[in-house]
Amino acid sequence: MLSDPTDWACFPVMDTVPETHGIHVEERLTDGTYVLLAELPGVDAEDIEITVTGGILTLRAQRSVVTAEKQFVYGHYTPLPTGAKGDEATAEHQHGVLTITMPVLETRPGSGATPLREPLSLTVP
């Protein structure tokens, strides 16, 4: 029988590691535009962090529940399509849905896409 993992000297105490919850997202690529919709009910815009680094879009958000004195941390990352222009991305947060939109260069076989600038942080209005 194994002992409690929190007693193991080589692992940090599990209670100090915040639990991260997934974010439901929908993505689409239409007419040279990439759109990501993320459901973030109960999360304020100022508690959302969006970064684009190395062709990966990362979302982080947190929501506190005052009555339970508990904090929920949400996270999601997704590879961007080839040619996505992360430096031209826009973000909008309304009614619990975050919408991120960015242009995507049309690439032909054998042509190189313009690389993303790194790192990019977007401010959500």
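Modeller: Begin with the rule for pairing: two strands pair if DSSP finds at least two bridges between them. This is a predicted model. In it, S4 (residues 48–53) and S5 (residues 56–65) are antiparallel partners with 6 bridges.

Colleague: Which residue of S5 is the bridge partner of Val 52?

Modeller: Leu 57 is the bridge partner of Val 52. The hairpin of S4 and S5 has 2 residues between the strands, and Gly 54 there has a positive phi near 60°.

Colleague: Which strand pairs with S5 over 10 bridges?

Modeller: That is S6 (residues 70–79), again in the antiparallel sense. One of the bridges joins Ala 61 to Tyr 74 in S6.

Colleague: How do I read the salt bridges?

Modeller: Side chains of opposite charge can pair when their charged atoms come close. The cut-off here is a Lys or Arg side-chain nitrogen within 4 Å of an Asp or Glu carboxyl oxygen. In one of them, Glu 49 and Arg 60 have their closest N and O atoms 3.4 Å apart. Glu 49 is partly exposed at 41% relative accessible area, and Arg 60 is partly exposed at 45%.

Colleague: What is the N to O distance between Glu 88 and Lys 85?

Modeller: It is 3.6 Å in that salt bridge. Glu 88 is partly exposed, with 43% relative accessible area.

Colleague: Is Lys 85 buried or exposed?

Modeller: Buried means under 20% relative accessible area. Lys 85 has 18%, so Lys 85 is buried.

How values were computed
Residues numbered from 1 in each chain as written. Predicted model: local features only at pLDDT ≥ 70, side-chain atom pairs only at ≥ 80, totals over all residues. Heavy atoms only, no water. Helix = DSSP H or I, 4+ residues; strand = E, 2+ residues; numbered from the N terminus. Buried < 20%, exposed > 50% of the residue type's maximum accessible area, 1.4 Å probe, protein only.
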